[in-house]
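Subject: Handover of a structure and notes on its contents

Dear colleague,

Please find below the sequence and the structure that I am passing on to you.

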Amino acid sequence: MPVVIGFEGSANKIGVGIIRDGEVLSNPRRTYITPPGQGFLPGETAKHHRGVILTVLQEALDEAGLKAADIDCVAYTKGPGMGAPLVTVAIVARTVAQLWGKPLLGVNHCIGHIEMGRLITNAQNPTVLYVSGGNTQISNDPSPGYNIEQMAKKGNKYIELPYTVKGMDVSFSGILSYIEDAAHKLLSTGQCTPEDLCFSLQETLFAMLVEITERAMAHCGSQEVLIVGGVGCNLRLQEMMGVMCKERGARLFATDERFCIDNGVMIAQAGWEMFRSGHVTELSDSWITQR
């Protein structure tokens, strides 16, 4: 039963998690929050991570009731993500692995999301919808996606927006520009409210995602859907996906914000799967990649 510690810091979350044979022992994290409208820059985000990562590491060990000698492997996010924050986490993970005399494992961030979702939900062989990218310069406290979700709950008038699905591909380019251009006219003339715009935006984007997920299920003969990634904890997305699954006699699996938003234990879990399969990352290969 190997014990793996995971370091995540690919964007504005910094987290350290510890897992043992499928059991989450600890998973503390911090979020770098900027004033609304500014977004988070790589350099400033990395500075935040440097300032708190050792505190979060100690919290993870204390919460799990473990010490360095109890850890079997150190996993870290190799990418994709923002360069400067990734480098910060990689340096700490390398240093810890060498100080503790433990093997190192570079983990793909996206696979971390998926493996954590599979563990928590017990999904066997799902079609996976990985929805991430709630990182914009709008209302970053606590996050733009969360704020839009809350406003959308109060909207009830649907404004038609660009809907672009081509096979398995979706295109979101243009929808924000369109809504920005239309917002001034619609709001000033009283045709709708900001809540209605948020409602319409969510309904349109999520309908596109549900459509391509259903198409993937049809192609693969799949009867399970797993939603992962930070946007995956949106309850309206889960609701819409659930309706589609029910109509197909399929099952929907999703997690809450503890595990769908970037966290350390998802990296630990993917690292655990890799470690027990015999994988180790040599120090010379412990670089990072934004892609």
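The model is predicted, with local features requiring pLDDT of at least 70 and side-chain atom pairs counted only at pLDDT 80 or more, while totals for chains, interfaces and linings use all residues. Residues are numbered from 1 along each chain as its sequence is written, and side-chain values use heavy atoms, with hydrogens and water left out.

Helix α7

Helices (H or I, at least four residues) and strands (E, at least two) are DSSP runs, numbered from the N terminus. Helix α7 comprises 14 residues, 235-248, and spans 20 Å from its first C-alpha to its last, close to the 20 Å expected at 1.5 Å a residue; the expected span is 1.5 Å times one less than the number of residues. An α-helix has 3.6 residues a turn, so residues three or four places apart point the same way.

At the N-terminal end, Asn234 caps α7, with a side-chain oxygen 2.9 Å from the backbone nitrogen of Arg236. Just after the helix, Gly249 adopts a positive phi of about 70 degrees.

The sheet β7-β10-β11

Three strands in the order β7-β10-β11 make an open sheet with parallel pairing; two strands pair if DSSP finds at least two bridges between them. Its edge strands are β7 and β11, each pairing on one side only. On average, neighbouring strands of this sheet are turned by 20 degrees against each other, direction ignored. Four bridges link β7 and β10 in the parallel sense, and Tyr130 stands opposite Val228 in β10.

Two helices lie across β7, β10 and β11: α3 (residues 109-121) runs at about 125 degrees to β10, and α7 runs at about 160 degrees to β11. Axes are lines fitted to C-alpha atoms, for helices over the stretch in contact, and angles run from 0 to 180 degrees between N-to-C directions.

Strand β2 and its partners

Seven of the eight residues of β2 (residues 13-20) are buried, so this strand is largely enclosed by the rest of the structure. β2 runs antiparallel to β1 (residues 3-8), with six bridges, and Phe7 stands opposite Val16. A hairpin of four residues joins β1 to β2. Three bridges join β2 to β4 (residues 29-31), also antiparallel, with Gly15 opposite Arg29.

Residue Thr88

Thr88 belongs to helix α2 (residues 83-100) and is buried, with a relative accessible area of 7%. Beyond its neighbours within four places in sequence, Thr88 is in contact (heavy atoms within 4.5 Å) with Ala46, His49 and Arg50.

Yours sincerely

Conventions
Polar contact = N/O pair within 3.5 Å; in protein donor to acceptor, adjacent residues only side chain to side chain. Buried < 20%, exposed > 50% of the residue type's maximum accessible area, 1.4 Å probe, protein only.
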